[in-house]
Amino acid sequence: KPSWNNHVSIAEDLDDASSTTPISQNQDNAVQPLSCLALVNKMDKDGSNFGRAVESIRNKLPGANPIPIQVPLFRGGSQRNTTRLGVNDKVPSNIEAVSPEALSSSTGEFVGVIDLIHMRAILWPESNQGIDNVENCVPSVVNLLRPGSHEPIHADCQVTPEALKARFEFVEALAEVDAVTEEYYLNDQEPSNAELRAALRRATLAQKAVPVMAGAALKGKGLEPLLDSIADLLPSPLDRVPP
């Protein structure tokens, strides 16, 4: 009988979370309940809906408490951005953030995500540039806030307000399952990025939260943050009680 250390659930049919690998079924094969991450895949497909997928995970996977830790980004119109962005550049005006609570289908091309822990936009290169050169696969990372504050770097950046709203909802959801975050929340204080990541790891290890991310794996979008989250949030063998 195999022993599992952790689990990554991948939703491929965004309209039906029953197509994900069932968390409860895999936990039956474990010595202990499994810590779990979820990736909403195929965000580049027509009709993709991150918010509906999160809601479906909540309703159809017993015991799951999905908490979005990213906001998907979509580009509207036909204009493409070919210039690589720096960390303090402004997110292009034709890129829109779609709330994790939105239940209507997304429109436009899936181009990246907002990392709600570090409050930064991660934008992947154009998919038609090919992947034969590693430089064509490296995403641009753009900070949305000034270091150590909630002040936007660019006051007119159109994705920052949605990011701040989603970050508040993320902290609020985490406060329901983590006592340290609850203390920050009740005192109207903002935890640091490191404290927030540590709190999310505690909740994930305790099976009180399932962090949810967005991606399009076939096009190489969303994989780096997923691998980072596996390293940061899921248990190592040393974190688990011996059988």
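# A predicted model, questioned

Visitor: Why is Arg146 called partly exposed?
Guide: Arg146 has a relative accessible area of 37%. Buried means under 20% and exposed means over 50%. The value for Arg146 lies in between, so Arg146 is called partly exposed. Keep in mind that this is a predicted model.

Visitor: What makes the contact of Glu151 with Arg146 a salt bridge?
Guide: The closest N and O atoms of Glu151 and Arg146 are 3.5 Å apart. The cut-off is 4 Å between a side-chain nitrogen of Lys or Arg and a carboxyl oxygen of Asp or Glu. The pair is within that cut-off, so Glu151 and Arg146 count as a salt bridge. Glu151 is also partly exposed, at 44% relative accessible area.

Visitor: How many salt bridges are found in the whole structure?
Guide: The search finds eleven. One of the links is a network that takes in Arg75, Glu109 and Lys221.

Visitor: How do you know that Glu169 and Lys165 form a salt bridge, and where do they lie?
Guide: Their side chains meet at 2.8 Å, N to O, and because the limit is 4 Å, the pair qualifies. Glu169 and Lys165 both lie in helix H3, residues 160-175, where they are four residues apart, about one turn of the helix. An α-helix has 3.6 residues a turn, so residues three or four places apart point the same way. Lys165 has a relative accessible area of 39% and is therefore partly exposed.

Visitor: Why is it said that Arg202 and Asp178 tie parts together?
Guide: Arg202 forms a salt bridge with Asp178, with the closest N and O atoms 2.9 Å apart. Arg202 lies in helix H5 (residues 193-205), while Asp178 is in the loop between H3 and helix H4 (179-186), so the bridge joins parts that are 24 residues apart in sequence.

Visitor: What else does the side chain of Asp178 reach?
Guide: At the start of H4, a side-chain oxygen of Asp178 comes within 3.3 Å of the backbone nitrogen of Val180. Just after H4, Asp188 takes a positive phi of about 55°.

Visitor: Why is Arg167 called buried?
Guide: Arg167, in helix H3, has 4% relative accessibility. The limit for buried is under 20%, so Arg167 counts as buried.

Visitor: What does Arg167 touch?
Guide: Leaving out residues up to four places away in sequence, Arg167 touches a set of residues including Leu116, Ile117, His118 and Met119. A polar atom of the Arg167 side chain lies 2.9 Å from the backbone oxygen of Leu116. The cut-off for a polar contact is 3.5 Å, so that distance is within it.

Visitor: What makes strands S6 and S7 a pair?
Guide: Four bridges join S6 (residues 109-115) to S7 (residues 120-123), and the strands run antiparallel. At least two bridges are needed, so S6 and S7 pair. S6 and S7 form a hairpin with four residues between them, and Met119 in the turn has a positive phi of about 50°.

Visitor: How do you know that S4 pairs with S6?
Guide: Six bridges join S4 (residues 70-75) to S6, again antiparallel. Since at least two are required, the strands pair. Arg75 stands opposite Glu109 in S6.

Visitor: Why are S5 and S8 called edge strands?
Guide: The open sheet has five strands in the order S5-S4-S6-S7-S8, with antiparallel pairing. S5 (95-97) and S8 (140-143) each pair on one side only. The twist averages 30° from one strand to the next.

Visitor: How many residues of S6 are buried?
Guide: Seven of its seven residues are buried, and S6 is described as mostly covered.

Visitor: What is the mean pLDDT, and where does pLDDT stay under 50?
Guide: The mean is 83, and 78% of residues reach 70 or more. Over residues 16-31 pLDDT stays under 50. Where pLDDT is low, the predicted coordinates should not be read in detail.

Methods. Residues numbered from 1 in each chain as written. Predicted model: local features only at pLDDT ≥ 70, side-chain atom pairs only at ≥ 80, totals over all residues. Heavy atoms only, no water. Axes fitted to C-alpha atoms, helices over the stretch in contact; angles between N-to-C directions. pLDDT = per-residue confidence, 0-100. Contact = heavy atoms within 4.5 Å. Buried < 20%, exposed > 50% of the residue type's maximum accessible area, 1.4 Å probe, protein only. Polar contact = N/O pair within 3.5 Å; in protein donor to acceptor, adjacent residues only side chain to side chain.
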